[in-house]
Amino acid sequence: MKKTVCLSLAALVPALASAQEANLRLVSAFPETATYVKHMMPWIQKFNAGGKGLARINFIGGPKAIPTFEVGTSVKNGVVEMAMNTGAFYTNLMPEADFLKLTQITIARQRKNGAFDYINKVWNRKANLVYLARMVDETPFHLYLTKKIEKPDLAGLKIRITPVYRDFFASMGATLIQTPPGEVYTALERGVVDGYGWPIHGIFDLNWHEKTKFRVDPGFYNAEVSIIMNLDAWKKLSAKQRGYIERQALALESMNTAWRKLNQEDTKRQAQAGIQTIKFDGATSKAYLDKAYDIAWAGAMKQSPEHALQMRKLFSE
Ligand code: 173
C-alpha cells in the first residue's frame with residue numbers, strides 16, 4: 001500500500017515540475033574572464049527577464065565550479081542542466097563532438113540543410129545531450145608562437161593543444177601538451193610551451209598577448225562554442241518551456257554577427273601589441289590549410305565513419 005502511494009507521487013513530479021519555472025543551472029567550460037562569458041551574460045539576463053514563470057538560467061560559474069574537461073560529463077549526467085562548451089572539451093563522451101570545428105557553413109544554414117537536426121540526433125543518442133545553440137561561428141583558429149618558424153615545421157617545439165589541434169600540430173612534428181584554457185598563461189610563463197592553438201579572438205582576455213610573439217597565418221577550421229543541455233531535463237519541460245528556450249537559442253545565434261567585428265578588432269589589436277604574423281607563401285599556405293582539413297576528416301572517418309561521412313556533406317553545402 002505504502003509503496004503504491006510513493007510510486008504514484010513520484011510519477012507526478014515531472015508534471016508538477018513543468019508547471020513551475022524551470023531552474024536551469026549553467027556552467028561555462030571557459031574561464032569567467034573569457035570573451036565567451038562576456039558575450040553570454042547579457043543573453044542570460046534577457047532570457048531570465050522574458051522567461052519569468054517559465055524558465056530561468058542560473059549561471060553557476062566557470063572551471064572553478066566544474067573543471068573544463070569534466071563539464072560534458074556533468075551535463076550528460078544531469079549534475080547541471082546546461083553548459084557553454086566546445087566539442088573539443090567533451091570528446092570523452094563521443095568523438096563526433098570535435099567534428100563541429102569542421103563546419104564550413106554558418107549555423108543558420110546548418111539549421112536549414114539538416115545539419116543541425118543531424119547533430120542533435122547524434123548528441124541525443126550518444127551523449128544524452130541536446131545541442132541548443134551555436135554561439136561562436138565564422139571564426140578561424142590560429143597557431144600562436146613564442147619562437148619564429150620559417151615553414152610549417154614544429155619539430156622541437158612544445159605546443160599547447162586541445163583535441164581541435166592535436167592531429168594537425170602532430171603532423172608538423174610538434175610535441176603536444178594538452179591544457180584547458182585556464183592553464184595556458186602559466187604554461188607560457190614557465191616556458192612549458194612554445195606556443196598554443198586558439199581562435200583569432202580572445203587572447204587578450206587571459207593576458208596571453210604578454211607572452212605571444214608570433215601568429216601564424218592562415219587560420220584554419222571554424223571555432224565552435226555552443227549551449228548544450230541534458231536531454232532528460234529537456235524532456236521534462238513543457239512544450240511552452242521548450243518553445244521559449246528554442247526562441248532564445250535563435251536569439252543567441254543571431255548575436256553571432258558580433259564575431260566578425262571582434263575578429264577584425266582583435267587582429268588589429270594583436271599587431272598593436274607587437275605580435276608579428278608569420279605568413280606562408282601562396283602554395284605553402286594552401287598546402288597548410290589542405291593538410292589541416294585532410295587530417296581532421298581522416299581522423300573523423302577513422303573514429304566514426306558513418307557520421308563523419310554524413311557530417312562532411314552537411315557541413316559544407
Ligand atoms: O581550448 C581551445 O583551444 C579550444 O579547443 C577552443 C575551442 C573553441 C573555442 C575556443 C577554444
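Visitor: Let's start with one residue. In which helix is Asp117 found?
Guide: Asp117 sits in helix 5, residues 115–127. Helices here are DSSP runs of H or I with at least four residues, strands are runs of E with at least two, and both are numbered from the N terminus. Before we go on, this is a predicted model: local features need pLDDT of at least 70, side-chain atom pairs count only at pLDDT 80 or more, and totals for chains, interfaces and linings use all residues. Residues are numbered from 1 along each chain as its sequence is written, and side-chain values use heavy atoms, with hydrogens and water left out.

Visitor: Is Asp117 buried or exposed?
Guide: The general idea is a cut-off on relative accessible area: buried means under 20%, exposed means over 50%, and partly exposed is in between, using a 1.4 Å probe and protein chains only. Asp117 has 53%, so it is exposed.

Visitor: How many helices and strands are there in the protein chain?
Guide: The protein chain has 12 helices and 11 strands.

Visitor: And how do I read the overall shape? What is the radius of gyration of the protein chain?
Guide: The radius is taken over C-alpha atoms, and the globule rule is 2.2 Å times the number of residues to the power 0.38. For 317 residues a compact globule would come out near 20 Å, and the protein chain has 21 Å, which agrees. Along the principal axes, its C-alpha atoms fill a box of roughly 75 × 40 × 35 Å.

Visitor: What share of the residues is buried?
Guide: Buried residues are 53% of the 317 in the protein chain.

Visitor: What do contacts tell me about how the chain folds back on itself?
Guide: A contact means heavy atoms within 4.5 Å. Take the contacts between residues at least 6 apart in sequence: 78% of them join residues at least 24 apart.

Visitor: Can you show me a case? Which residues is Leu314 in contact with, leaving aside its neighbours within four places in sequence?
Guide: They are Ile105, Asn113, Gly114, Ala115 and Tyr118. Leu314 itself is in helix 12, residues 305–314, and it's buried because its relative accessible area is 14%. Leu314 and Ile105 are 209 residues apart along the chain, yet their C-alpha atoms are separated by 8.9 Å.

Visitor: Now strands. How do I tell which ones pair?
Guide: Two strands pair if DSSP finds at least two bridges between them. Strand 4 is mostly covered, with eight of its eight residues buried.

Visitor: What does strand 5 pair with?
Guide: Strand 5 runs antiparallel to strand 8 (residues 195–199) over five bridges, and His142 stands opposite Trp198 there. Four bridges also join strand 5 to strand 9, again antiparallel. Across that pairing, Leu143 stands opposite Val216 and Tyr144 opposite Arg215.

Visitor: Which way do the side chains of strand 5 point?
Guide: Phe141, Leu143 and Leu145 point one way, while His142 and Tyr144 point the other way, and all are buried. Five of the five residues of strand 5 are buried, so the strand is largely enclosed by the rest of the structure.

Visitor: What about strand 9: does it run parallel or antiparallel to strand 11?
Guide: Strand 9 and strand 11 (residues 276–279) run parallel, joined by four bridges. Val216 stands opposite Ile278 in this pairing. Seven of the seven residues of strand 9 are buried, so strand 9 is largely enclosed by the rest of the structure too.

Visitor: Which residues does a cis peptide bond join?
Guide: Asp217 and Pro218, with omega of about 5 degrees. Pro218 lies in strand 9, residues 214–220.
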